[in-house]
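Hi,

Here's the structure I promised to pass on. Have a look at it first, and then read on for what turned up.

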2 protein chains.
Amino acid sequence: MRLTDSDLLRDLDKPEFAAVRAAFVPRRFLKGRQVFAPREVQNSLFIVAKGRARVYLSYKDKEFTMAILDVGDVYTTHTRASVEALDDLTILTAELAAVRRFLADMPALTSSMVKVLGDLLSHAFSVIDGLAFLDVRKRLIQLLLYEAERASADAEHILCFSHGLNIEQLATIVGSSRQTVSSLLNVLERDGIIEMRARGVICLPDLARLEALARE
Amino acid sequence: MRLTDSDLLRDLDKPEFAAVRAAFVPRRFLKGRQVFAPREVQNSLFIVAKGRARVYLSYKDKEFTMAILDVGDVYTTHTRASVEALDDLTILTAELAAVRRFLADMPALTSSMVKVLGDLLSHAFSVIDGLAFLDVRKRLIQLLLYEAERASADAEHILCFSHGLNIEQLATIVGSSRQTVSSLLNVLERDGIIEMRARGVICLPDLARLEALARE
DNA sequence: GCACGTTTGTCGGCAATCTGACAGACACGC
DNA sequence: GCGTGTCTGTCAGATTGCCGACAAACGTGC
């Protein structure tokens with residue numbers, strides 16, 4: 001899930017970013033470990049360098065996944081979200097106060113930061129839009145279409161993507177229950193629109209129909 | 001609805017902000033007029049100087065209110081949200097590109113900007129949290145408690161606030177239908193927890209009970 | 001004061017979804 | 001290959017909330 005098209009990870013390798021690069025500390029986490037708790041005291045910025053992370057809100061025994069972060073994605077702590085490592089994870093993290101000190105001298109960094117925050121806000125708007133207006137089925141279809149953009153074609157030219165998540169985790173992204181998402185996926189499969197080729201792998205044999213469903 | 005505790009409006013009156021202050025153009029709108037359309041081509045920042053504005057998402061014939069902006073609130077266009085004037089409205093608006101040119105020389109402005117964007121993101125998280133986890137009743141109660149913080153006490157020391165909205169508009173904030181919100185408000189009134197004293201005016205004779213309901 | 005438009009309260013039917021439960025399928029470690 | 005734990009599919013009943021409809025109440029302009 002690429003939340004921002006700004007490439008802070010690559011920017012940090014540029015010579016003019018060398019000073020602020022030193023403020024970013026690599027940290028590693030094993031799959032499944034919590035990376036940040038809600039309301040971390042220290043307001044930090046982090047970039048995914050390797051692996052994937054899940055940003056989620058929790059309430060009682062329920063969770064809602066805000067985002068799955070891929071390599072290059074940037075996020076901030078000091079929100080009410082938790083972050084966990086979906087795979088073995090490496091992040092570069094810096095305290096926001098430290099980064100702020102460089103903003104005055106590095107317009108490119110400032111531009112990047114404002115862009116990143118803007119993109120995060122834009123993503124949050126998308127999430128709200130889906131929750132407010134779309135039913136679960138439509139939200140699921142939207143998620144599938146989003147993933148289709150980064151899917152690769154198999155030997156038979158069918159788009160497939162490996163999300164590596166179980167149904168319950170997909171349900172937390174869509175904002176629904178496991179049973180509902182399971183049921184909806186199976187309807188889509190029986191209709192020939194998707195194919196659940198293996199656990200964590202979905203193929204899209206009929207992308208056009210999926211797109212048509214999204215437009216209804 | 002104060003989304004940010006940073007006071008950009010007052011900052012702009014300081015001598016060190018004089019240069020960027022010139023980039024902000026006052027614009028006036030009559031009550032009910034559209035201020036910005038979704039995906040405005042020009043990415044702008046605006047501050048409410050007088051009156052109130054509503055930021056909302058729309059889809060088919062439905063609307064979801066992201067925020068009601070009061071004096072001092074800052075927002076950005078180039079999102080998928082529309083903005084309309086709830087009252088006769090004056091805003092100060094500047095193109096983001098113009099503001100960006102001052103960021104390098106004005107660390108205080110950068111700080112303000114990053115803070116504002118951070119606060120907007122935080123507010124968006126709150127909205128998502130409510131939609132994902134809370135039922136309509138709980139969301140309504142949360143809204144009432146939020147408004148209670150800026151309510152004033154009447155002659156009998158009861159907290160009252162004038163939201164100036166009709167039930168349908170309240171429903172767009174809560175993310176529900178007019179009928180459901182109307183019904184819920186009337187239950188709360190019959191239980192003695194709120195009092196709908198006049199159209200657009202709600203009093204809270206039993207704030208403690210309202211708070212207890214929010215915690216259930 | 002009256003007419004009219006808007007707002008509000010209420011109802012009943014329907015759809016969407018949740019939830020707990022259970023059995024079958026699958027993956028992994030020994 | 002077997003045992004075990006996890007995942008998945010499916011079911012039925014309960015819950016939540018939407019939606020269209022209609023009547024009453026209210027506010028505004030003449």
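Some housekeeping before the rest. This is a predicted model, where local features need pLDDT of at least 70 and side-chain atom pairs count only at pLDDT 80 or more, while totals for chains, interfaces and linings use all residues. Residues are numbered from 1 along each chain as its sequence is written, chains are lettered from A and ligands numbered from 1 in the order in which they are written, and side-chain values use heavy atoms, with hydrogens and water left out.

Now the aromatic pairs. Rings of Phe, Tyr and Trp (its six-membered ring) pair if their centres lie within 6.5 Å; planes under 30 degrees apart count as stacked, over 60 as edge-to-face and the rest as tilted. That gives four pairs over all chains. One of them is A:Tyr59 with B:Phe133: the centres are 5.6 Å apart and the planes at 25°, so this pair is stacked. It crosses between chains, from strand β4 (residues 53-59) of chain A to helix α4 (residues 107-133) of chain B. (Helices, H or I with at least four residues, and strands, E with at least two, are DSSP runs numbered from the N terminus.) A:Tyr59 is partly exposed at 24% relative accessible area, whereas B:Phe133 is buried at 8%. (Buried means under 20%, exposed over 50%, partly exposed in between, using a 1.4 Å probe and protein chains only.) A:Phe133 and B:Tyr59 are stacked too, at 5.6 Å and 25°.

Finally, the DNA. As for polar contacts (N or O pairs within 3.5 Å), a side-chain N or O atom of A:Arg178 is 3.4 Å from a base nitrogen, while one in B:Asn186 is 3.1 Å from a phosphate oxygen.

Enjoy exploring!

Methods: Polar contact = N/O pair within 3.5 Å; in protein donor to acceptor, adjacent residues only side chain to side chain.
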